[in-house]
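This report concerns a single protein chain. Please keep the sequence and the model in view while reading.

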Amino acid sequence: MHLHKYEKIWLTLGVISLIIFLSVVGVSAFSQNHTPAGGMETIDPKKVNETAPFDNPGVTQLDDDTYQATIVAMAFGYTAPELKVPVGKEVVFKVTSTDVVHSFTIDNTKVNMMVVPGRITTKSYTFEKPGTYLILCNEYCGTGHHMMYTEIEVYE
Ligand code: CUA
């Protein structure tokens, strides 16, 4: 019967458009969750240690009011020698990973960055209180995940 044939066609079109709709929604939800805040700078994860600024990790002063902290995350730790920054100044954190996905999370602050190999994640933060802050990984990254932490000292 003709009617039956048309119903099949409409049903097929409906299913196809549903699939298209779901994949569009799915893809945009995926990319929203997985795009680290602060841009999409890329880096070759195998060449992190020879690519500036990660060839010289640590804190550098950019100008009177701005510092940059460059940190490499890897299983299971952060290469961050002597992380010391002054209170009340903007600190631009630049973090990347040489292996798997980690996070760069500073306890008691709003800094909670996902660190993805191949990307440079950037976040600015100004500490308002001096002290020693714990930096830890809250993205499960393997057997040593719970040992992945370091500290940053904020001085007056
Ligand atoms: Cu790195 Cu968990």
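## Basis of the report

The structure is a predicted model. Every value quoted here is therefore computed from that predicted model, in which local features need pLDDT of at least 70.

## Nonpolar cores

The largest nonpolar core has 24 residues. Within this core, I71, Y78, F93, F104, I106, F127 and I152 touch the most other members. Two or more residues each come from β3 (66–74), β6 (90–97), β7 (102–106), β8 (112–115), β10 (131–136) and β11 (149–155). Apart from this core lies another, made of five residues, including I43, V48, F54 and I120. In soluble globular proteins, nonpolar side chains tend to be buried together.

Which residues does I152 contact beyond its neighbours within four places in sequence? The contacts of I152 are L83, V85, F93, I106, F127, G131, T132, Y133 and I135. Among these, F93, I106 and F127 are also listed with I152 as core members that touch the most others.

## Strand pairing around β9

Strand β9 (residues 119–126) pairs with β1 in the antiparallel sense, over two bridges. In this region T42 stands opposite R119 of β9. Strand β9 also pairs with β6, again in the antiparallel sense, over six bridges. V91 has Y125 in β9 as its bridge partner.

## Salt bridges

How many salt bridges does a search of the whole structure find? The search finds three. One joins the side chains of E41 and K94, with an N to O distance of 3.0 Å. E41 belongs to strand β1 (residues 41–42) and K94 to strand β6, and the pair links distant parts of the chain, 53 residues apart.

The remaining salt bridge brings together the side chains of K84 and E82, at 3.9 Å from N to O. Here K84 is partly exposed, with a relative accessible area of 36%, while E82 is exposed, at 61%.

## The loop residue D107

D107 is placed in the loop between β7 and β8. With a relative accessibility of 37%, D107 counts as partly exposed. Leaving aside neighbours within four places in sequence, D107 is in contact with Y133 and L134. D107 and I135 are 28 residues apart in sequence, yet their C-alpha atoms are 6.1 Å apart in space. I135 and Y133 are also among the contacts of I152.

## A nonpolar surface patch

Y6, I9, W10 and L13 make a nonpolar surface patch of about 480 Å². Of these residues, Y6 is placed in helix α1 (residues 2–34). Y6 is exposed because its relative accessible area of 52% is over the 50% limit.

Terms used
Residues are numbered from 1 along each chain as its sequence is written. This is a predicted model: local features need pLDDT of at least 70, side-chain atom pairs count only at pLDDT 80 or more; totals for chains, interfaces and linings use all residues. Side-chain values use heavy atoms; hydrogens and water are left out. A nonpolar core is a set of buried Ala, Val, Leu, Ile, Met, Phe, Trp, Tyr and Cys residues joined through side-chain atoms within 4.5 Å. Buried means under 20% relative accessible area, exposed over 50%, partly exposed in between (1.4 Å probe, protein chains only). Helices (H or I, at least four residues) and strands (E, at least two) are DSSP runs, numbered from the N terminus. Contact means heavy atoms within 4.5 Å. A salt bridge is a side-chain nitrogen of Lys or Arg within 4 Å of a carboxyl oxygen of Asp or Glu. Patches are made of residues with over 30% relative accessible area and no salt bridge: like charges are joined within 9 Å, nonpolar side chains (Val, Leu, Ile, Met, Phe, Trp, Tyr) within 5 Å. Accessible areas come from the Shrake-Rupley method with a 1.4 Å probe; for residues, only the protein chains shown count as cover. Two strands pair if DSSP finds at least two bridges between them.
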